[in-house]
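This report describes a ligand site, a helix and a single residue. The structure comes first, then the notes.

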Amino acid sequence: MNLDSPIKKVIRTTGRHLRLLEKLNIKTAGDLINYFPRSYSDSSEVIELAYAKINQLSTFKGRISSITNIRTKTGKILTKAVFSDKSGMIEVVWFNQPFITRILKEGSVIFLSGKPKIINHRLTLSNPSYEQVKPEQLHTARIIPIYHETEGLSSKWLREKIAAVLEPAIQEIEEYLPETIIRKYNLMPIKQAYKEIHFPQNEFTIDSARKRLGFDELLFIHIKSLLSKQKTISRTINTSRAINVNYDEIKRFIAGLAFMLTKAQKISTAQILRDMQKDFPMSRLMQGDVGCGKTVVAAIAAFAAIKDKWQAVFMAPTEILANQHNKTLRKLLEPHRIVCELLTGSTSAKERRKISQGLTNGDIHLIIGTHALIQPNIKFRHLGLAVIDEQHKFGVRQREILNSHGYPHVLNLSATPIPRTLALTIYGDQDLSIIDEMPPGRKQIITRIVPESKRADAYNWIRKQIQQRNEQAFVICPLIDESDKLELKAVEKEYERLTNVVFPDLSVSFVHGRLSQENKDKIMDDFKANRINILVSTSVIEVGIDIPNATIMIIEGAERFGLAQLHQFRGRIGRGESQSYCFLFTNTWSEQGIRRLHSLTRFHSGFKLAEIDLSMRGPGEFFGVKQSGIPDLKLASLTDSHLIAQVHEAAKELMAANPDLNNFPKLKNRIGQFSDITRN
Ligand code: ADP
Ligand code: MG
C-alpha cells in the first residue's frame with residue numbers, strides 16, 4: 001500500500017460505500033487517514049458493575065451469561081442479555097439489531113459502553129456499544145474517535161476502516177519537517193501524530209497531535225503562498241513596469257476631491273503608490289468594509305499610473321457594479337483628461353471593436369468592466385495597473401490573462417474582512433492594506449432581529465417610513481446559490497406577496513441575476529430615482545450599490561447567511577444623511593443562531609464580526625465556502641493567533657537561508673501534494 005493507493009484497493013467494501021466515501025472526498029488511502037475525527041468520546045475508564053452510576057456513560061468488562069431475541073407485541077425485535085463481572089450483573093437490551101445474537105454468544109467476554117438506567121426496577125443498559133476483548137480496543141474502553149458522518153456512513157464504520165488502513169499507511173509517511181523545527185516548536189513526530197489523532201492514548205496526546213497537524217496545515221498554506229510570491233517576483237524582476245509617480249499631481253488630484261481622505265485611506269494610498277514605483281509588480285490586497293471608500297483610493301492609483309502614460313483596468317464582479325464604477329471613476333478622472341470606457345457582457349460587438357482598438361493604440365486610458373474585458377483577444381498598448389474589485393470572484397484563468405499583458409501591478413479590493421494575521425497566512429503572496437475607519441459623519445445602521453410574530457408590526461412601521469419620510473427599502477431573499485434556478489422563483493414570489501398582499505399601496509419591484517442587463521439597469525435607475533419604494537432582490541447585487549435614499553433593509557431567512565455576508569448586505573443602506581434600519585427576519589430558535597445574529601445588532605465593524613463568526617462557526621460557514629477563497633481548514637483554528645505566529649516564524653526560518661526550500665525536498669514535496677481551496 002502507499003498513500004496514493006485507491007481506496008477500493010485498501011479496504012474491503014461495497015460500491016455504495018465507495019461512492020459515499022467519494023462524496024467525502026476520500027479517494028485514496030492518504031485521503032482516508034487525513035479524515036480526522038470531529039470529536040472524541042472518552043470511555044477509557046473501565047469500572048466494575050458494582051460501581052455503575054445511573055445515567056453516567058461507563059464502560060464495563062464482563063461476560064455474557066445469556067442472550068436471546070424476543071419479539072414484542074408491536075412486532076419489534078428485542079435482544080435481551082444478561083451481563084456480569086465479578087462484582088455484579090446487569091440486564092442489557094438492544095432494539096432492532098437481531099444480528100447481535102450472531103456476534104455475541106453466551107460466554108463471550110466483551111466490553112460494553114453505555115448509560116445504566118433503572119427499567120422495571122432493574123439496572124439495565126439499553127443499546128450499549130459492544131466489542132470483543134482484543135489486544136487493542138477500537139469502539140470501547142478507550143478514547144473513541146467520532147467522525148463526521150454522512151448518510152449511510154456511520155462513525156463506527158469509518159473508525160473500523162481507518163483503523164484497518166492506519167498502520168500500513170503511516171509506514172509510508174516520512175517525517176518532512178526538519179528536526180530543528182520539530183524540537184523548537186515542541187511538535188509531535190508526524191507518524192505518531194497520525195496515530196494519536198485517530199486513536200489517542202489520552203487527552204494530552206490528542207492536543208499534541210492536533211497541534212502538530214494544525215501547525216502543518218497552516219504552514220503548508222503559508223509557505224505555498226510565499227513560494228508563489230517569490231516565483232512572481234523572480235519571474236518579473238526588472239520588467240521595469242516601475243511607475244513614475246508625480247506626487248505634486250497626486251496632491252492636486254486629492255485636493256480636488258469633494259472630501260478629505262480618512263487617515264486609513266491616506267495610509268493605503270501611500271502604500272500603493274510606493275509599490276507601484278518598484279520594478280516588479282505590486283500584489284496588494286486592500287480590505288475594508290463596504291462604504292469605507294476603497295474606490296477613490298483605487299482611482300488615485302489609476303490616476304498615478306495614467307499620468308505616467310500607463311493604462312489601467314478596473315474589473316468588477318457584476319455589471320451593475322461595473323456600471324456604477326464607470327460613473328464614479330469618470331466623474332473623478334475625466335476632468336483630468338483621462339479617457340475612460342466601459343466594457344461588459346452587454347457591450348455591442350461594434351462598440352467592443354472600437355474599444356479594443358482604443359486599447360491597442362493607447363487612446364483609452366482606463367477600461368472599466370466585468371470579466372468580459374479580460375479576453376485573450378483584447379490587447380493593451382501598455383497596461384500598468386489592474387484593479388480588481390472582489391478578487392475572489394475571479395479565477396486563476398483571468399489572472400493568467402492579466403499577467404499575459406506583461407505583469408501589471410495588481411490591486412485587489414475586498415469587502416470581506418479577514419483578521420490581519422489570518423490574511424497574512426492565507427494571502428501571504430499579497431501585501432495588505434486595511435481601511436478600518438469609515439468616512440466621518442456616517443450613522444450606524446440600527447439593526448434588529450425580528451421574530452415571525454412581529455412581522456406585521458415591522459411592515460407597518462416600514463410603510464410609515466416610506467409614506468411619511470419618502471424613504472426606500474431593500475428586501476433581500478435568502479438564496480445562497482446564485483446559479484440556483486429557484487432564485488428567480490423565490491424573488492418573484494416574494495415580490496407577488498409584497499405587492500399584492502402587504503404593500504398594495506406602494507410601488508414594489510424586483511431584480512435578480514436572470515433579468516437582462518437592460519432590465520436590471522432600468523430597475524436600478526428607477527430605484528435610484530425613487531420611482532420604486534421597495535426593491536426585492538437576491539444576494540446577486542451584493543455590495544457597493546450606492547443609493548443614499550434607501551434607508552431600510554429587510555433580510556429574509558437571515559440565519560442562512562454568514563455574518564460577513566449579512567454585514568455586506570447591510571452596507572447597501574446607511575449611505576445617506578438619515579438614520580438607516582436593518583431588520584433581520586428569522587425563524588431560527590437555536591440559541592447559537594440567535595446569538596450569532598445578535599452580534600450584528602451590537603457590532604458594526606466587519607473585522608470584529610469576522611472574528612466573532614470565525615470563533616463561533618469556523619471559516620467555511622462564515623465566508624460561505626464557495627465565495628470566500630478561504631481554505632477550509634481541518635484542524636488549525638484560524639483564531640489561534642499563537643499557533644499562527646509560530647507558523648509565521650517557522651516559515652521565515654525555513655525559507656531564510658533557502659527561499660526556494662530546496663534544502664528541504666521532503667517538505668517541498670509534501671507541500672506540493674497539499675491541496676486546499678484557497679486558490680480556485
Ligand atoms: P467601498 O468601495 O469601499 O465600498 P466606496 O468607495 O464606494 O466604498 O465609497 C462609499 C462612498 O463614500 C462614496 O460615495 C464615496 O464618494 C464616499 N467617500 C469615500 N471616501 C470618503 C471620505 N474620505 N469622506 C467622505 N466620503 C467618502
Ligand atoms: Mg466598492
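## Ligand 1

A polar backbone atom of G291 lies 2.6 Å from an oxygen atom of ligand 1, a polar contact being a pair of N or O atoms within 3.5 Å; within protein, one must be able to donate a hydrogen and the other to accept it, and residues adjacent in sequence count only if both atoms are side-chain atoms. Taken alone, ligand 1 exposes 570 Å², of which the protein buries 78% (Shrake-Rupley method, 1.4 Å probe). An oxygen atom of ligand 1 is also 2.7 Å from an N or O atom in the R442 side chain, and one is 3.1 Å from a polar backbone atom of G293.

There are 15 residues around ligand 1 (a heavy atom within 4 Å), and M260, Q265, G291, T295 and R442 come nearest.

## Basis of the model

This is a predicted model, in which local features need pLDDT of at least 70, side-chain atom pairs count only at pLDDT 80 or more, and totals for chains, interfaces and linings use all residues. Residues are numbered from 1 along each chain as written, chains are lettered from A and ligands numbered from 1 in written order, and side-chain values use heavy atoms, without hydrogens and water.

## Helix α7

Helix α7 spans residues 190-198, with I190, A193, Y194, E196, I197 and H198 buried (under 20% relative accessible area, 1.4 Å probe, protein chains only). Helices are DSSP runs of H or I, at least four residues, and strands runs of E, at least two, numbered from the N terminus. The cover over these buried residues includes α3, β1, β9, α5, α8 and α25.

## Residue N323

N323 is in helix α12, residues 319-333. N323 counts as buried because its relative accessibility is 16%. Leaving aside neighbours within four places in sequence, N323 is in contact (heavy atoms within 4.5 Å) with L342, Q517 and D521.

Notes: Buried means under 20% relative accessible area, exposed over 50%, partly exposed in between (1.4 Å probe, protein chains only).
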